[in-house]
Amino acid sequence: PQWVANMRAAGLDAQDAREWAQLKSMGVDGAYVFDMENAGLTHLSAREVTELKALQVTRDYIRQIADAGFSHLSVREYTQLKALGVTASYIRNLGSHFKGLSVDKIVQLKAEGIDPR
């Protein structure tokens, strides 16, 4: 009950016991929810937080991607980038070869194994 109270205090509310169990099993805590909010991801659902945590999307990862020129992305975009192992360095290297890249294009190029080095 205390963990649920802490999660609710962090602004997260799950729809049912299954969602609470998923959050708990992924090791989500109030600090993680606050970190995501401080990184700009607000009003997250339990499912979104679970996805972010499962892929180890951190506040630092979000900052690094922003420093590479991509800020204020959606949960879907961050999870796609992270799932494919896209780093800020990869984005910067791509940018030196391709202009006007979108997140979708970066995902496509990474999925196709394009290495800009």
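Which residues of helix H6 (residues 75-83) are buried? In this predicted model, the buried residues of the helix are Val75, Glu77, Tyr78, Thr79 and Leu81. The cover over these buried positions includes helix H4 (46-54), helix H5 (59-67) and helix H8 (103-111). Just after H6, the backbone at Gly85 adopts a positive phi of about 80 degrees.

Thr79 counts as buried because its relative accessibility is 10%, where the cut-off for burial is under 20%. When residues up to four places away in sequence are left aside, Thr79 touches Glu51, Leu52 and Leu55. A polar atom of the Thr79 side chain also lies 3.0 Å from the backbone oxygen of Arg76.

In soluble globular proteins, nonpolar side chains tend to be buried together. The largest nonpolar core of the model comprises 36 residues, and those with the most contacts inside it are Leu23, Leu52, Leu81 and Ile106. At least two residues of this core are supplied by each of helix H1 (2-9), helix H2 (17-25), helix H3 (30-38), H4, H5, H6, helix H7 (88-95) and H8. For Ile106, the contacts beyond four places in sequence are with Phe70, Leu81, Val86, Tyr90, Ile91, Leu94 and Leu101.

Positive phi values were also found in residues other than glycine. Gln56, which is not a glycine, has a positive phi of about 60 degrees and is placed in the loop between H4 and H5. Gln56 is classed as exposed because its relative accessible area is 59%, the cut-off for exposure being over 50%. His72, located in the loop between H5 and H6, has a phi near 55 degrees, again a positive value in a residue other than glycine. With a relative accessible area of 75%, His72 is therefore exposed.

The segment after H8 contains Gly113, which counts as exposed because its relative accessibility is 56%. Gly113 and Ala21 are separated by 92 residues in sequence and, from C-alpha to C-alpha, by 36 Å in space.

Conventions:
Residues are numbered from 1 along each chain as its sequence is written. This is a predicted model: local features need pLDDT of at least 70, side-chain atom pairs count only at pLDDT 80 or more; totals for chains, interfaces and linings use all residues. Side-chain values use heavy atoms; hydrogens and water are left out. Buried means under 20% relative accessible area, exposed over 50%, partly exposed in between (1.4 Å probe, protein chains only). Helices (H or I, at least four residues) and strands (E, at least two) are DSSP runs, numbered from the N terminus. Contact means heavy atoms within 4.5 Å. A nonpolar core is a set of buried Ala, Val, Leu, Ile, Met, Phe, Trp, Tyr and Cys residues joined through side-chain atoms within 4.5 Å. A polar contact is a pair of N or O atoms within 3.5 Å; within protein, one must be able to donate a hydrogen and the other to accept it, and residues adjacent in sequence count only if both atoms are side-chain atoms.
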